[in-house]
Amino acid sequence: MGRSSPVNTPAVENAEPAVEQAAELPRTLGVEEEFLVVDPESGAPSGRGPAVLAGATDLDPRHSFHPELLTSQAEAATGVCTSSAQLRGQLRSARERMSRAAQAEGLALISSGTPPFLGEPGAISPGTRFTRIAQTYRAVVTDYQACGCHVHVGVPDREKAVAVINHLHPWLPSLLAMSANSPFHLGADTGYASWRMVQQTRFPGSGIPPRFRSAAEHDEQVARLVECGVLVDEAMSFWLARPSPHLPTIELRVADAATTVGEALLQAVVTRALVRTAQRELDAGREAPEIDPRLEQAAVWTAARHGLDGPGIDLVAQRRVQSAELVHRMIRWAAPELEETRDLATVRKLIAGLLHCGTGARRQRAAAARGDRALLAAIRLEGGVR
């Protein structure tokens with residue numbers, strides 16, 4: 001929790017050169033996916049995540065599998081990728097191995113931003129840092145089984161990263177709306193599309209980050225929050241986008257856990273295109289628009305409340321617009337970069353499917369109407385084939 005880890009130790013044999021190329025040709029990207037470990041019959045959270053992680057690592061040590069804050073969670077991280085095809089393969093492979101490891105323990109994995117079924121949360125994972133987090137935030141984290149799909153995109157340097165993030169502000173709520181996949185929490189329908197995001201707002205400094213003028217200003221603000229005692233360390237900011245503490249990347253932690261590989265891929269390639277488009281804007285001398293932070297907060301809440309099934313907020317025009325229209329605008333803005341990386345056709349197909357079939361939140365509710373077993377089947381990983 002709070003520490004970027006997916007591409008720290010790349011999980012593929014040729015990942016080292018990709019890290020070196022990131023500064024020269026920032027097309028690199030990586031994804032970390034967080035899953036819930038559950039009982040396969042009831043869907044109740046299980047605290048046996050460490051056993052699943054150990055089994056997945058034994059199956060294929062080339063992949064990176066990590067503990068999360070609670071033992072009912074498990075994380076799979078890709079290596080550094082340069083194409084959507086490479087990323088899709090790694091996402092699929094990691095899911096397959098984790099699913100097999102869970103089955104070997106008599107367990108299952110589900111991909112949902114929050115646990116839909118009743119059950120006791122796992123214990124705090126072992127480790128000094130996890131213990132400090134638990135002691136600092138107390139009841140806020142005792143049932144914080146929130147799972148996300150985090151995306152890392154290569155950038156030339158930290159100065160560029162901070163400037164790029166300023167340009168991403170208008171699109172962060174749309175990325176959340178597109179990914180919304182946590183309508184239920186411990187047996188109750190919350191009425192939200194992304195309850196995970198609501199839970200995340202309980203932490204200090206969550207949401208869209210402030211607009212920073214330099215990497216030094218960003219780092220000073222983070223250090224000040226640590227000094228004030230509201231962050232455990234410099235690696236633990238809660239902003240939805242940030243320069244990685246120790247990688248040449250921007251890390252976006254907007255999205256809920258993705259039910260399918262395609263939805264995780266969509267989040268990643270669109271994020272990369274937005275980052276590269278922002279770099280082009282900066283190279284052309286165009287600064288990011290000034291946006292009222294209170295309106296940004298409202299836009300994140302609105303995206304969490306409705307997902308794509310309702311209104312969103314156009315942060316530049318400062319007015320209400322349908323969320324689906326904002327997603328279309330986002331794709332149009334990033335289209336030249338998606339074209340260059342040969343991802344535009346794939347993204348348009350995935351977006352069309354999302355708008356037709358609904359976000360994960362809408363699909364969860366449709367499945368739940370048929371009963372708990374149908375809901376569990378809808379979000380359960382089956383050998384990585386989703």
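**Ground rules.** I worked from a predicted model, in which local features need pLDDT of at least 70 and side-chain atom pairs count only at pLDDT 80 or more, while totals for chains, interfaces and linings use all residues. I number residues from 1 along each chain as its sequence is written, and side-chain values use heavy atoms, with hydrogens and water left out.

**Cores.** I looked up the nonpolar cores, taken as sets of buried Ala, Val, Leu, Ile, Met, Phe, Trp, Tyr and Cys residues joined through side-chain atoms within 4.5 Å; buried means under 20% relative accessible area, with a 1.4 Å probe and protein chains only. The largest core has 56 residues, and Leu-175, Met-330 and Ile-331 touch the most other members. Helix H10 (residues 261-283) gives the most to this core, twelve residues; helices (H or I, at least four residues) and strands (E, at least two) are DSSP runs, numbered from the N terminus. Apart from this core I noted another of 19 residues, including Ala-134, Tyr-137, Val-162 and Phe-212.

**Leu-175 and H7.** With neighbours within four places in sequence set aside, I find Leu-175 in contact (heavy atoms within 4.5 Å) with Leu-252, Val-254, Gln-267, Val-270, Thr-271, Leu-274 and Met-330. Leu-175 is also among the buried residues of H7, as are Leu-172, Pro-173 and Met-178. Because eight of the eight residues of H7 are buried, I describe this helix as largely enclosed by the rest of the structure.

**Cavities.** On a 1 Å grid over the protein atoms alone, a cavity is a set of points where a 1.4 Å probe fits but cannot get out, and lining residues have an atom within 4 Å of a point. Of its 13 lining residues, Met-178, Ser-179, Asp-256, Ala-258 and Glu-263 are the closest to the centre. H7 (172-179), strand E9 (249-256) and H10 each supply at least two residues of this lining, and H10 has the largest share, with three.

**Largest pocket.** A pocket is an open set with protein on both sides within 12 Å along at least five of seven lines. The largest pocket holds about 420 Å³ of space, and of its 21 lining residues the closest to the centre are Gly-207, Ile-208, Pro-293, Glu-296 and Gln-297.

Note on methods. Buried means under 20% relative accessible area, exposed over 50%, partly exposed in between (1.4 Å probe, protein chains only). Grid points are joined across faces, edges and corners, and a volume is the space filled by probe spheres set on the points.
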